[in-house]
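Reader: Please show me the structure. I will then ask about some of its parts, one at a time.

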Amino acid sequence: MPGNRWTKSQIQSLVDQIVHLSKPLPEIDIPGKTRAAINNQRKRLQRAGVLNGSFAGRPVKPWTLPELRRLTAFTQDYGFSASFIAQMGLLPGRTKDSVSKMMGRHGVGNPAIKERARQACRLDSGRREEFQSFLLAEGRWLPSVLVARQWGLAQKTVTAYRRRLGIRLSWREGRSSDEYRRQQRKRAAAFVAHTRERWKQWRERKRLLWEKLRQQLAQDPERPPARVCQACGEAWYATREFFHVRMRRSPAGVRISYCRICRLCHAERRRNQAAASWANAAHA
Ligand SMILES: [Zn+2]
């Protein structure tokens, strides 16, 4: 029952199960309390410091403004879906569910897709028959994406009809259609262009900061030794700001070494690799 107060013994039992028995949420049992209620109480206790750090909780990362701006651009300018955004890692650390929830909360998302989802399952009996015979005949090998667009239905609905009719397209058949490939390529190209631009801006900002830091360090008598990046040839300094650090344990102790290339070049390499794999994924 919602709103039912927690008794002292229930709370004691909860603390016991978390602190002494180290139980994860699904295993915690408090008679008369739902899992959601237990989860909420656990959060309150954790905030109150009762759990001695036994349960740190999953930190809720609030959405930042830049993230929201990117989300808006992805959904409205490119028409990306929540699952596409998550799959491509366009908003690092955000799952499909959290992206989709945020899209709902901010009313973003492709209006056509949303409308289609609303209209889904609204085939009256006449149209339903028409639709079924279409699926059995000329629409037989058309990918569900296209059928959905043509009939103003959600793709899910089309798939469901196909399943019921026993004419489900295999994953390969649906995917291998030219139209599907063309769409994927278009999306990937738009995405690559977008991220390339963002990346360029990020890199320029970072570089300006680095220049400043380099000037400051040049005047510092206790500055770290200079270190030349093997990729861009810039003389930065051997510090964590400019170079990734590797620590190696050896019998002689811990040895610290700096990466051969600066963080900017490192990031660029990783980015290029990622871009190559996106391109591969889109053309596969
Ligand atoms: Zn470099």
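Reader: Where is the place of Ser-83?

Author: The model is predicted, so local features need pLDDT of at least 70, side-chain atom pairs count only at pLDDT 80 or more, and totals for chains, interfaces and linings use all residues. Residues are numbered from 1 along each chain as its sequence is written, and side-chain values use heavy atoms, with hydrogens and water left out. Helices (H or I, at least four residues) and strands (E, at least two) are DSSP runs, numbered from the N terminus. By that numbering, Ser-83 is placed in helix α4 (residues 82-87).

Reader: Does Ser-83 count as buried, exposed or partly exposed, and which value decides?

Author: Buried means under 20% relative accessible area, exposed over 50%, and partly exposed in between (1.4 Å probe, protein chains only). Ser-83 has 32% relative accessibility, so the residue counts as partly exposed.

Reader: What separates the C-alpha atoms of Ser-83 and Ser-100?

Author: Along the chain, Ser-83 and Ser-100 are 17 residues apart.

Reader: Which residues coordinate the zinc ion?

Author: Donors are N, O and S atoms within 2.8 Å of the metal (3.2 Å for Na, K and Ca); water is not among the atoms, so sites may look incomplete. Here the donors follow the spacing C-x2-C-x29-C-x2-C along the chain. At 2.2 to 2.3 Å, the SG atoms that coordinate the zinc ion belong to Cys-229, Cys-232, Cys-262 and Cys-265.

Reader: Is the site of the zinc ion tetrahedral or irregular?

Author: Four donors count as tetrahedral if all angles lie between 85 and 135 degrees; four count as square planar and six as octahedral if opposite donors are over 155 degrees apart and all others between 65 and 115; anything else is irregular. The angles among the four donor atoms of the zinc ion are 100 to 120 degrees, and the site is tetrahedral.

Reader: How many bridges join strand β3 to β4?

Author: Two strands pair if DSSP finds at least two bridges between them. A hairpin joins β3 to β4 through two residues, and Val-245 has Tyr-258 in β4 as its bridge partner. Strand β3 (residues 243-250) and β4 run antiparallel, and the bridges that join them number seven.

Reader: Why does the pair of Trp-210 and Trp-236 tie together parts of the chain, and how many residues apart are they?

Author: Rings of Phe, Tyr and Trp (its six-membered ring) pair if their centres lie within 6.5 Å; planes under 30 degrees apart count as stacked, over 60 as edge-to-face and the rest as tilted. Trp-210 and Trp-236 are edge-to-face, with 5.0 Å centre to centre and 80 degrees between the planes. Because Trp-210 lies in helix α11 (residues 178-218) and Trp-236 in strand β2, the pair ties together parts whose separation in sequence is 26 residues.

Reader: What is the relative accessible area of Trp-210?

Author: Trp-236 counts as buried, at 0% relative accessibility. Trp-210 is buried too, with a relative accessible area of 4%.
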